[in-house]
Amino acid sequence: MGTFIGHVCPGLFLFLYGLYQAIVVSRAVIFNESLLYPLWPSKNKGRWARLWKISCEGLLKIVAGSLLVIYEISCTHGELTLMNRELPPRFMYPKEWQHLTMFTLLIINGFVDVTSKNVLPQRCVALEKGALVLSSYELLLLLVSHVKESSGIELQVHSLLISVVFLLLLVLTAELWTPEMFHLWMMETFLFVIMGSWLMQAGFILYRPVSGYPWEDDDMSDLMFVTTFFCWHVMFDALCLLAIYGFSYFWHRCYRPSLKMTESKEAPYHESSPEPLYRLLQEVEQPEKEDQAPLLAKSSP
């Protein structure tokens with residue numbers, strides 16, 4: 001039961017997180033907004049306006065990671081210890097400690113998001129992306145070590161998951177240099193959704209088969225259908241994202257035409273809208289040149 005929930009709950013969180021990110025990306029593309037600084041409409045003022053600006057993603061990561069840590073500890077048979085008291089001492093519960101490390105990475109990543117968006121005087125996107133890349137890199141190492149004792153169906157399921165995490169790591173690493181590239185955000189969202197849906201499917205394959213009978217490690221048909229199910233997940237997730245983008249496009253274009261006009265009026269007063277540094281320098285240097293021009297004209301004979 002514990003291992004089933006341990007696969008399904010993180011998978012559900014990643015799947016919903018990917019769908020939320022897909023909505024953010026689609027809205028930013030439709031309204032030609034910044035991917036890092038979306039202009040969400042807020043009619044609240046005062047104390048509620050401050051609550052609106054809190055990093056919801058970071059808080060969700062902290063809450064989800066904390067709940068998963070508590071659940072993992074409660075499902076451990078016996079006391080969760082690092083080493084036994086025998087001579088020589090041996091490490092205990094290796095997979096449980098790996099699970100706790102993964103969930104702790106999620107909590108740390110949530111704290112980094114909250115700190116960057118709500119604690120620091122200015123948001124540090126490089127800090128957020130760097131923490132996400134570091135967490136993904138450590139997750140990949142843990143997954144590779146996690147399947148050392150696996151074989152058959154379990155090895156095939158986790159190998160497909162490792163391939164998704166590896167591709168996600170490449171995309172997140174590329175975002176360190178181009179954080180505003182739309183194609184990378186699309187790929188990141190797609191990979192998060194695939195990873196979440198496949199984690200949920202892995203829980204049912206390994207611990208709760210729909211047929212009621214366990215999958216056979218020696219049956220080549222079962223091994224082949226694991227990959228087939230993964231391909232079906234990829235196609236289903238692609239259709240989900242396509243539906244989100246299509247629905248967002250028709251909703252904002254056909255049913256909410258006035259929303260774009262109201263946000264375009266509020267956009268110049270948005271505090272978080274980024275401007276390139278060279279444009280700011282040009283705006284500062286231009287008045288200085290205009291002030292120096294009359295002085296040069298007077299000094300010339």
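**Burial and aromatic pairs**

Modeller: In this predicted model, Glu188 is buried, with a relative accessible area of 1%. The cut-off for buried is under 20%.

Colleague: Where does Glu188 lie, and which residues is Glu188 in contact with, leaving aside its neighbours within four places in sequence?

Modeller: Glu188 is part of helix 7, residues 182-206. With those sequence neighbours set aside, its contacts are Gln21, Lys129, Leu132, Leu168, Val171, Leu172 and Glu175.

Colleague: How many aromatic pairs are there?

Modeller: Rings pair if their centres lie within 6.5 Å, and planes under 30 degrees apart count as stacked. By this rule there are 6 aromatic pairs. Phe13 and Tyr17 are stacked, because their ring centres are 6.4 Å apart and their planes are at 15 degrees.

Colleague: Where do Phe13 and Tyr17 sit in helix 1, and are they buried or exposed?

Modeller: Phe13 and Tyr17 are 4 residues apart in helix 1 (residues 2-30), so about one helical turn separates them. Both are buried.

Colleague: What kind of aromatic pair do Trp198 and Phe230 form?

Modeller: Planes over 60 degrees apart count as edge-to-face. The pair of Trp198 and Phe230 is edge-to-face, with 85 degrees between the planes and 5.2 Å centre to centre. Trp198 lies in helix 7 and Phe230 in helix 8 (residues 220-255), so this pair ties together parts that are 32 residues apart in sequence. Trp198 is buried at a relative accessible area of 0%, and Phe230 is buried at 12%.

Colleague: Which residues form one aromatic cluster?

Modeller: That cluster is made up of Trp215, Phe225, Phe229 and Trp232.

Definitions and conventions:
Residues are numbered from 1 along each chain as its sequence is written. This is a predicted model: local features need pLDDT of at least 70, side-chain atom pairs count only at pLDDT 80 or more; totals for chains, interfaces and linings use all residues. Side-chain values use heavy atoms; hydrogens and water are left out. Helices (H or I, at least four residues) and strands (E, at least two) are DSSP runs, numbered from the N terminus. Buried means under 20% relative accessible area, exposed over 50%, partly exposed in between (1.4 Å probe, protein chains only). Contact means heavy atoms within 4.5 Å.
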